[in-house]
Amino acid sequence: MITLGITGNIGSGKSTVLKILQKKSINIFDLDEIAKDFYISDNFVYSKILENFPGVLSSNNQIDTKKLGQMVFNDHEKLKTLQEIIWPKVEKEIIHKIQNSTSKIIAFEGAVIIEANWHKLFDHIWIIDSNQELSKEKVLKNRNLSENDFENILNHQYKINEMIDILNKDNIEYSVINNDSSLNELNNLIEKEIRNLII
């Protein structure tokens, strides 16, 4: 089995890559969705978030991830606190899913794979790279985020060259996939990368 981590900056097209893999019947997981599930299903996570971030509940007593995001991306210490609550849970879940998978390839997508040190859990990393202005345009069009939100999130993420430096230092195999062209071109690049993985 090959374990694959997919990362990149906000708006680079990570989710699109995951959908392409899903259509190719590859076992995929969205780490953001895994984290959000813990906000609902894990009593420890739920109580710790309420303890540290009062005022993030929605009208139906669920954690409002948009409110939480706005709170932490404007405050480095609050962001660190949230990471300390959720990252260990997500890491255990990654390991659990890898150990219980019978797929030829299992892929996980997440913006913080390298920041959280999860890259060491995977055989190969794909960094999805896209022009920053194109990324911003996509985010502002498709998500309920402001330009300021985009800049705040981007400022908390590693730059592509920083990701590459860390992967080289840790001897992790990686590919940088450019997503500045068409969906068809991206699909062709993904197919090529899959062939390289299974050779």
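Where is Ser12 found? Ser12 lies in the loop between β1 (2-8) and α1 (14-23); helices (H or I, at least four residues) and strands (E, at least two) are DSSP runs, numbered from the N terminus. The model is predicted, so local features need pLDDT of at least 70 and side-chain atom pairs count only at pLDDT 80 or more, while totals for chains, interfaces and linings use all residues. Residues are numbered from 1 along each chain as its sequence is written, and side-chain values use heavy atoms, with hydrogens and water left out.

Ser12 has 1% relative accessibility and therefore counts as buried; buried means under 20% relative accessible area, exposed over 50%, and partly exposed in between (1.4 Å probe, protein chains only). Leaving out residues up to four places away in sequence, Ser12 touches Ile128, Ser130, Ser135, Lys138 and Asn179, where contact means heavy atoms within 4.5 Å.

Thr7 is in strand β1. With 0% relative accessibility, Thr7 counts as buried. Beyond its neighbours within four places in sequence, Thr7 has contacts that include Lys14, Gly110, Ile125, Trp126 and Met163.

Strand β1 leads on to β3. Five bridges join β1 to β3, and the two run parallel; strands pair if DSSP finds at least two bridges between them. In this pairing Gly5 stands opposite Phe108 in β3. Strand β2 (residues 27-30) is also joined to β3, by four bridges, and these two run parallel. Here Ile28 stands opposite Ala107 in β3. Five of the five residues of β3 are buried, so β3 is largely enclosed by the rest of the structure. Ile105, Ala107 and Glu109 point one way from β3, Ile106 and Phe108 point the other way, and all are buried.

Next come the helices. Two packed helices are described by the angle between their axes and the distance between the axes. The axes of α3 (residues 43-52) and α5 (residues 76-99) come within 10 Å and cross at roughly 175°. Axes are lines fitted to C-alpha atoms, for helices over the stretch in contact, and angles run from 0 to 180 degrees between N-to-C directions. Helices α3 and α5 are therefore roughly antiparallel to each other; angles under 35 degrees count as roughly parallel, over 145 as roughly antiparallel, 65 to 115 as roughly perpendicular and the rest as oblique. From α3, Phe44, Val45, Lys48, Ile49 and Asn52 meet Thr81, Leu82, Ile85, Ile86 and Lys89 in α5. The residues of this contact divide into six nonpolar, two polar and two charged. Ala, Val, Leu, Ile, Met, Phe, Trp, Tyr, Cys and Pro count as nonpolar, Asp, Glu, Lys and Arg as charged, and the others, Gly among them, as polar.

Ile49 also belongs to the largest nonpolar core, where, of 36 residues, Ile49, Leu68, Val90 and Trp118 touch the most other members. Such a core is a set of buried Ala, Val, Leu, Ile, Met, Phe, Trp, Tyr and Cys residues joined through side-chain atoms within 4.5 Å. The elements giving two or more residues to this core include α3, α5 and β3. The largest share of this core, eight residues, comes from α5. Apart from this core lies another, of 18 residues, among them Trp126, Ile190, Ile194 and Leu197.

Finally, Ile153 is in helix α7 (residues 147-155). Ile153 is buried, with a relative accessible area of 14%. Not counting residues up to four places away in sequence, Ile153 touches Ile10, Phe73 and Leu145.
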